[in-house]
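Here is a walk through one protein model, taken a few side chains at a time. Keep the 3D view open and click along as you read.

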Amino acid sequence: MKLTSFHKGAALVFLSWIGSIFLIGINGNFPLNDDWQYAYPVQQLVEEGELEMRGYFAPNIILQVFWGYLFCWLAGSFSFTWLRLSTLALAALGGWAMYTLGRRPGISPGLSLLGAAILLFNPLYFSLSFSYMTDVPFLAVVLLALLAFQQFLVKEESEWLFAACLLSVAAYLIRQPGIVLLPAFGIWRIGDRRGSRGSIALALFLALLAASVYLGYEKLAKPWLGISGNFVPVSRLYLEIILAAPLAYAEELARKFLKTWIYLGLFGLPLLPFLWERVRQSGLLQRRTALPLLGANLALLAFLHYIGKIFPFGGNILYNFGLGPELLADVYTLGLPNTPRLPEWALYALNFISQLSATILTWVAISGWKKLQPRQRRFSGFLLLANLLYLPAMSITSFFDRYILLIIASAILLLLPHARLPKRHMLLPFLPFLLLALFSLLATHDYLAWNRARHKAFLWLQEEGVTVRQMDAGFEYNGFYNYHEDRILEAGRSHWWVTDDEWMIAFGA
């Protein structure tokens, strides 16, 4: 059978992603970032046969725990390597769901494949695929839920609505904001059906289902499993913040939306060349439009400089244009310049480029809304509403760059109908995508490499008779191997679980 250009492209994307995994490697029985907290109950299930959690955290994680347990059970032992493999499996599933979601009327298979590739090689998505963090599993299940909702919109078959509800609940059992898909679809349905009785009944049912799942898990499942004391009470904190200082909350939410908008500009750069024809048609390049928008972005950059909030906004994954948090005491606690840094002017330039990109992407989405096909507009409306409910729910007590993965995927889906592939085989339009993919590959490789080096240092210290109670080995190691209540908080000492820092694993002197 003769392969079409699409099949060749699909094979190239898949083989490139698999090849990148082999180049980086998944081996290494060590924690990354916060995933030690989510791995601990898996270890207890594998080695003790009991569910036990350690520490305090926000995500529900229970479904991810059993997903990771499945991989360790099949492998015959607990290891962060198997947990990493479990996340990569869901990352691949998320890429497939992204491609399938893109296959809407008016969108070619090639464009859908481009959208999936942009997600798979997105720096946040790609890097997090090599950890046991909840972000990629959550997004993969949410994309599957969105796919089921999309099928229900097309076919109006109850089986698809049931699947969408089931997957939304599954997403909730990884991270709480998954539950917002249910009320979001109900609210959207009322507007789509102009307030018909059937739409109101469906909205009430979905709201009741969401409330029942939430209360059932909080009031019944958690106490029965004995894990109630391990979770940050995010819902209560959310209400307390809103009621105590509504104006301050609104201001903080506006800041989070602005950061998200600029991040979208950066991660949307691979789409820009394929939107250029629509940009030209929209009138954005005309002087009377372009100059005021350019001036507004310069003013915004000046404002961000004034308040000291320049890209990358202290994110959890994107660190000075490197990937992965540098959770060792010399850099994180003491602030020593022991890792490479981009010059300050480069970060300002990147901030401004991201602003301009975000401006263009926003202009294209708004100006092209009426040109969407009715079915495209319906799904896009639901997607927008789901994201408007998601972002405030996701960033209740903090805001990290990895929280916006769903918003990145949604932005790609919203913009794909406006994109056009080049008529001829040209490499130039793919250059921003290739550069960002190369950065994802190299930066993730470096992140895993220095963590493997730290693991060797940790094992060497143990061979020399130095216990974890005598060392500051970094956030993940002291958390996983030396967790205890009543941390010692004092100047010059890491805030994590350090008993004695006679020995320290560091990037430099």
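Let's start on helix α12 (residues 246-267), where R255 and E252 sit 3 residues apart and so are separated by about one helical turn. Helices here are DSSP runs of H or I with at least four residues, strands are runs of E with at least two, and both are numbered from the N terminus. Before going further, know that this is a predicted model: local features need pLDDT of at least 70, side-chain atom pairs count only at pLDDT 80 or more, and totals for chains, interfaces and linings use all residues. Residues are numbered from 1 along each chain as its sequence is written, and side-chain values use heavy atoms, with hydrogens and water left out.

**Salt bridges**

Side chains of opposite charge can pair when their charged atoms come close. The rule used here for a salt bridge asks for a side-chain nitrogen of Lys or Arg within 4 Å of a carboxyl oxygen of Asp or Glu. By that rule the count comes to 14 salt bridges.

| Pair | Closest N and O atoms |
|---|---|
| R255 and E252 | 2.5 Å |
| E326 and R341 | 2.9 Å |
| R402 and D135 | 3.2 Å |

How exposed are R255 and E252, the pair we began with? R255 is partly exposed, with a relative accessible area of 34%, and E252 counts as partly exposed too, at 27%. For these labels, buried means under 20% relative accessible area, exposed means over 50%, and partly exposed is in between (1.4 Å probe, protein chains only).

E326 is buried, with a relative accessible area of 11%, but R341 counts as partly exposed at 43%. Salt bridges can also share partners: E156, R189, D192, R193 and R378 are joined into one network that way.

Now look at R402, which forms a salt bridge with D135. R402 lies in the loop between α17 (374-394) and α18 (405-415), and D135 lies in helix α7, so the pair ties together parts that are 267 residues apart in sequence. R402 and D135 are both buried.

**Rings that meet**

Next, the aromatic side chains. Rings of Phe, Tyr and Trp (its six-membered ring) pair if their centres lie within 6.5 Å; planes under 30 degrees apart count as stacked, over 60 as edge-to-face, and the rest as tilted. A search of the whole structure finds 37 aromatic pairs. In one of them, the ring centres of F80 and F480 are 5.3 Å apart and the planes are at 70°, so this pair is edge-to-face. F80 belongs to helix α4 (residues 80-102) and F480 to helix α20 (residues 475-482), 400 residues apart. Both F80 and F480 are buried.

Which kind of pair do Y483 and W497 make? Their ring centres are 5.2 Å apart and their planes are at 50°, so the pair is tilted. Y483 and W497 each lie in the loop between α20 and β4 (503-504), so the pair ties together parts that are 14 residues apart in sequence. Y483 counts as buried at 18% relative accessibility, and W497 does as well, at 8%. Y483 and W497 also belong to one aromatic cluster with W36, Y332, F475 and W496.

**A lysine over a ring**

Find K222 in helix α10 (residues 197-225). Is K222 buried or exposed? K222 is buried, with a relative accessible area of 3%. K222 lies over the face of F231, at 3.9 Å from the ring centre. To count, NZ of Lys or CZ of Arg must be within 6 Å of the ring centre and within 35 degrees of the ring normal. Leaving aside neighbours within four places in sequence, K222 is in contact (heavy atoms within 4.5 Å) with N60, Y217, I227, S228 and F231. N60 and K222 are 162 residues apart in sequence, and their C-alpha atoms are 9.6 Å apart in space.
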